[in-house]
Amino acid sequence: TVRQLLTHTAGLPRGSGRRHYAGPVPTASESFAAGIRADLPAGQWSYSNLGFVALGALAADLLGAPFGECLRDVVLGPLGLTESASLPEVPAVGSPSWPPDGPPSPGGLPPSPSDGAAVDIPLARGHTFDAGLVFPVRPSAMLALGAGDLVASARDMAVLAAASVDGRLLSAESAREMLMPAVRCGPDTWQ
């Protein structure tokens, strides 16, 4: 169910077993095409990015647009979040559009993925240290399907968090339900 996907109790595994750190982002149907075997029976807690990939695909199907466009049109734009974007819209380090130059996009809103344009927002880049060298961290493209698709400034994240509970984004009933404990994860889990 949607509730089980949201609460990590659908029994789905953490990921598809495939890593997508470079190259094109697979569609949700490609991610599920080979079939997904449940880790646990539905109702038991099991952290799963795939559940949020499925939720992103559901949102895209219901709203008739790619998930990044839904995110921009339903959440980011109405809340005025101009320092936020869908992960596929953010240029990779070293790409022709990184570092960004030129003026921000019109209206400050990120372009849709179909525009093929990169978002001109300041973005902290992670790095890793290996064999005495420092390398930029590539984000997992798996996250670009609804399981962590949003990159945002601290200011925009604060606005988003407040809007989630003050009636600008969710109804009072949905906000209450979102904040209710859904499952006990145990003391040894980082989630």
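## Largest pocket

The largest pocket has a volume of about 1400 Å³. Its lining counts 36 residues, and those closest to the centre are Leu6, Phe52, Leu55, Leu170 and Met178. A pocket here is an open set of points on a 1 Å grid over the protein atoms alone, where a 1.4 Å probe fits, with protein on both sides within 12 Å along at least five of seven lines; lining residues have an atom within 4 Å of a point. Volume is the space filled by probe spheres set on the points, which are joined across faces, edges and corners.

The model is predicted: local features need pLDDT of at least 70, side-chain atom pairs pLDDT 80 or more, while totals for chains, interfaces and linings use all residues. Residues are numbered from 1 along each chain as its sequence is written, and side-chain values use heavy atoms, without hydrogens and water.

## Lining

Which helix gives the largest share of the lining? It is α3, with eight residues. At least two residues each come from α1 (2–6), α3 (49–63), α4 (67–79), α5 (154–165) and α6 (172–179).

By type, the lining holds 24 nonpolar, nine polar and three charged residues. Nonpolar covers Ala, Val, Leu, Ile, Met, Phe, Trp, Tyr, Cys and Pro; charged covers Asp, Glu, Lys and Arg; the others, Gly among them, are polar.

## Fold

The chain has six helices and four strands, in the order α-α-α-α-β-β-β-β-α-α. These are DSSP runs, numbered from the N terminus: helices are H or I of at least four residues, strands E of at least two.

## Burial

Of the 191 residues, 31% are buried, meaning under 20% relative accessible area with a 1.4 Å probe, protein chains only.

Definitions and conventions: Buried means under 20% relative accessible area, exposed over 50%, partly exposed in between (1.4 Å probe, protein chains only).
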